[in-house]
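Below is a short briefing on one protein model. It moves from strand pairing to single residues, then to cross-links and charged pairs.

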Amino acid sequence: DKLPSQYRATPWTSADGLPQSNVDALAQSTDGYVWAATLAGVGRFDGVAFETISTRTHPSLRSIIANALTGDAAGALWIVTSDGLARLLPDGELAVFDTTHGLPSASIFALAATDAQLWVGTEAGLCWSALSADVPAFTCRSEGLADPYVGVLLPATDADGRDGVWIGTGAGLAWFDGRSVTTYDHLGDNLAAPVLALALDP
């Protein structure tokens, strides 16, 4: 294993083609591209140059402000903007999804994908949809959460082998196994503290 000092850092900014230098999220799609969410659109990086995805290249995109990204197993890129959720397919087709597809709000703060499921964290609870659907139909839930604001999501498998998702809310941690919610609102000495990040112990 290398020490941090043995790696070389190469910066890329708007001067190198990045849409904007404030990057809020990164994702890699199955075709190897690296995607960067910025305040001026999404940058697609092939290791050499950037291509910008924005309202100029895709007029159906409702906002150029991108906040979160995730790729799915089929090669699609899911994009959270300041005005909702979008899906960019490998062929460049972009579709936008909103409250007419079951989302409770256009205010989305977290995304995660497994092989079969897309998870979405909103200001009004957790939503999910099967990735096999051409047009997602979201099921949403806020019951059982200490706070409906969902800011972090981490899909995982529990000790019994059941798939589910860890949920970071504005007032603690929760686990959802597809049927019921288990809430953990005492994290160390903090009572009902906001959860800002999650990671699995390797």
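How many bridges join strand 7 (residues 84-88) to strand 8, and do they run parallel or antiparallel? Four bridges join the two strands, and the direction is antiparallel. This is a predicted model: local features need pLDDT of at least 70, side-chain atom pairs count only at pLDDT 80 or more, and totals for chains, interfaces and linings use all residues. Residues are numbered from 1 along each chain as its sequence is written, and side-chain values use heavy atoms, with hydrogens and water left out.

- Strands are DSSP runs (E, at least two residues), numbered from the N terminus.
- Two strands pair if DSSP finds at least two bridges between them.
- Strand 7 and strand 8 form a hairpin, with five residues between them.
- In the turn, Gly92 has a positive phi of about 95 degrees.
- Leu88 has its bridge partner, Leu94, in strand 8.

- Four strands make an open sheet in the order 9-10-11-12, and the pairing is antiparallel.
- Strand 9 (108-113) and strand 12 (139-141) are the edges; each has a single partner strand, so one side of each lacks a neighbour in the sheet.
- On average, neighbouring strands of this sheet are turned by 20 degrees against each other, direction ignored. Such angles use axes that are lines fitted to C-alpha atoms.
- Strand 9 is joined to strand 10 (residues 117-122) by five bridges, and the two run antiparallel.
- Ala113 has Leu118 of strand 10 as its bridge partner.
- In a regular strand, side chains alternate between the two faces of the sheet.

**Thr122**

- Thr122 belongs to strand 10.
- Its relative accessible area is 0%, so Thr122 is buried. Buried means under 20% relative accessible area, exposed over 50%, and partly exposed in between (1.4 Å probe, protein chains only).
- A polar atom of the Thr122 side chain lies 2.9 Å from the backbone oxygen of Gly125.
- Leaving aside neighbours within four places in sequence, Thr122 is in contact (heavy atoms within 4.5 Å) with Pro104, Ser107, Ile108, Phe109, Cys127, Pro148, Tyr149 and Val150.

**His101**

- His101 sits in the loop between strand 8 (94-97) and strand 9.
- The side chains of His101 and Thr100 are joined by a polar contact of 3.3 Å. A polar contact is a pair of N or O atoms within 3.5 Å; within protein, one must be able to donate a hydrogen and the other to accept it, and residues adjacent in sequence count only if both atoms are side-chain atoms.
- Beyond its neighbours within four places in sequence, His101 is in contact with Val96, Val135, Pro136, Ala137 and Phe138.
- His101 and Leu173 are 27 Å apart, C-alpha to C-alpha, and 72 residues apart in sequence.

**The disulfide**

- The whole structure holds one disulfide (a pair of cysteine sulfur atoms within 2.5 Å), according to a search.
- Cys127 and Cys140 form this disulfide, with sulfur atoms 2.1 Å apart.
- The link of Cys127 and Cys140 is right-handed, with 110 degrees about the S-S bond.
- The pair links distant parts of the chain, 13 residues apart: Cys127 in strand 11 (residues 125-130) and Cys140 in strand 12.
- Cys127 is buried because its relative accessibility is 0%. Cys140 has a relative accessible area of 30% and is therefore partly exposed.

**Salt bridges**

- Side chains of opposite charge can pair when their charged atoms come close.
- A salt bridge is a side-chain nitrogen of Lys or Arg within 4 Å of a carboxyl oxygen of Asp or Glu. The structure holds five salt bridges.
- Glu51 and Arg44 meet in one of them (2.8 Å, N to O). Glu51 is partly exposed at 39%, and Arg44 is partly exposed at 23%.
- Asp158 and Arg162 form a salt bridge (3.0 Å, N to O). Asp158 is buried at 18%, whereas Arg162 is partly exposed at 36%.
- Arg179 and Asp177 form a salt bridge (3.5 Å, N to O). Arg179 is exposed at 55%, whereas Asp177 is buried at 14%.
- Salt bridges with shared partners join Asp158, Asp160 and Arg162 into one network.

Notes
Axes are lines fitted to C-alpha atoms, for helices over the stretch in contact, and angles run from 0 to 180 degrees between N-to-C directions.
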